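My notes follow the order in which I looked.

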Amino acid sequence: MKKFFIYFTLFIITIAAIFMIAYHNNLYVWENPKQNIWIANGQLFDGTSEQVRDNPGILIKDGKIVCIGSNCQIPTEVKRIDATGKAIVPGLIDLHGHFLSGKARDPEQGIPSMIWQQLRYLPSVRRELIAAGVTSYRSLGDVMPAILDLKKELSEQNIAGPRLFIAGPIFTVKGGHPTQGKGIPTWVVERMTIQSDDPSYVKQQVAILAEQGIDGIKVIYQGSTNEKGVVTMPRISSDTLLALTSEARKHGLWVAVHTGSPEETDEAIAAGINTIEHGIRHGNLINSTTLQSIVENNIVYVPTLGREPQGHLNIAALNQSGVVFGVGTDSPVEMADGNSYHNELSRMVNAGIPDVKVLIAATRNGADALGKLAELGTIEVGKYADLLIVNGQPWQDIRELKKINIVILSGRIALDNSTEPLAY
Ligand SMILES: [Zn+2]
């Protein structure tokens, strides 16, 4: 009997060890430390304007950009990067994703594989985002509390991946979007939504989430009624929307709203939101009043054209009115080749936004939408050293942003393709 227990214990230890090794194998952790970096030569697009200039030299220390120019005191211990013939641009920001939503992630591999991937915080997704140059990612609706755990693991640098900003669950009502989505298990929907049209209840929930560490909130403000006036998809009332925006503001949180009709969009703007997600949809055309109020209220418009094929219909009017665009993939809606971010950039250009403006949408405007322009989004002294070195001139042709040579995140070389062929 005693022998049995010894063998049994050894068996359990072996299984646990195999599990641990498998868990850490390809977990995707940072290989390089943060270091002093001096980037010389190349062309600098710092994101503060549409201008490009010869790089006068960029000094990175303790994760931040500490000096730009020829007068910088370069420390003796420094990693020197020669960007001759290359472009230096700020790191890219995806404003609309659902990180843990694994439905589009190798579904043919089956449920056990998906659970395994989720347990390890989707190492392949984190890797693909860095390979695509995405240094900041905004989760607009993910399963709780897993997304909070992921944010913690990333910010403590236990695992590699972009900076993560999160909304936590989505505010909607029973039967509203996305609760009726096909193929999403009920337990997932329960954990990624708060379904209520009670203003005092949602205020309480925002306060709790703020305490837990969310960065902003995501609200669905799109309903539908059929020709007979019957509600086919309910949504929160305008009172509840106002309760959400006022409570969010109290806690310093941004408000991202998934809108629908032109009227709903106008009401959302009046309620004091920060970003419009998806935009005016389903072939509806935007009117001049809405255009004006988007501009006047400094709202960032995230068209997610990969999600909303008819969204391009309004792009020219938005662009002519001077609306500030942000970039959102709504991934993993379209994540087959890890390239969804760059596909979205191309769609925005094809819809009529000049390449240079799309580059600013992908960088500076993303930080603006996150309320982090003082820390991110441009290459300026005092900001986090999140930047890319690419082979090409993406301000002239946005497709060249794919030719990533080096990704620097928080003063760490997160990816170095300079001696190897491109990742994709
Ligand atoms: Zn979404």
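Predicted model: local features only at pLDDT ≥ 70, side-chain atom pairs only at ≥ 80, totals over all residues.

Residues are numbered from 1 along each chain as its sequence is written, and side-chain values use heavy atoms, with hydrogens and water left out.

Entry one, H8 and H9. I took helices (H or I, at least four residues) and strands (E, at least two) as DSSP runs, numbered from the N terminus. Axes are lines fitted to C-alpha atoms, for helices over the stretch in contact, and angles run from 0 to 180 degrees between N-to-C directions. Helix H8 (residues 262–270) packs on helix H9 (residues 288–296) at about 25 degrees, the axes being 10 Å apart, and the two are therefore roughly parallel to each other. With contact meaning heavy atoms within 4.5 Å, I found Thr-265, Asp-266 and Ile-269 of H8 meeting Thr-290, Ser-293 and Ile-294 of H9.

Entry two, H6 and H7. The axes of helix H6 (residues 199–212) and helix H7 (residues 238–250) come within 9 Å and cross at roughly 25 degrees, so this pair too is roughly parallel. Among the residues in contact I noted Val-202 and Val-206 from H6, and Ala-243 and Leu-244 from H7.

I counted two strands as paired if DSSP finds at least two bridges between them. An open sheet of seven strands runs in the order E12-E11-E13-E16-E17-E18-E19, with parallel pairing, and its edge strands, E12 (193–195) and E19 (324–325), each pair on one side only. E16 (residues 254–259) and E17 (residues 275–277) pair over three bridges, and Ala-256 stands opposite Thr-275 in E17. H6 lies across E11 (170–172), E12 and E13 (216–221), running at about 180 degrees to E11.

Entry four, the metal. Which residues coordinate the zinc ion? Taking donors as N, O and S atoms within 2.8 Å of the metal (3.2 Å for Na, K and Ca), and remembering that water is not among the atoms, so sites may look incomplete, I found His-96 (NE2), His-98 (NE2) and Asp-330 (OD) at 2.1 to 2.2 Å. Their spacing in sequence is H-x1-H-x231-D. Since His-96 lies in strand E8 (residues 92–97) and Asp-330 in the loop between E19 and helix H11 (340–350), the pair ties together parts that are 234 residues apart in sequence.

Terms used:
Parallel < 35°, antiparallel > 145°, perpendicular 65-115°, else oblique.
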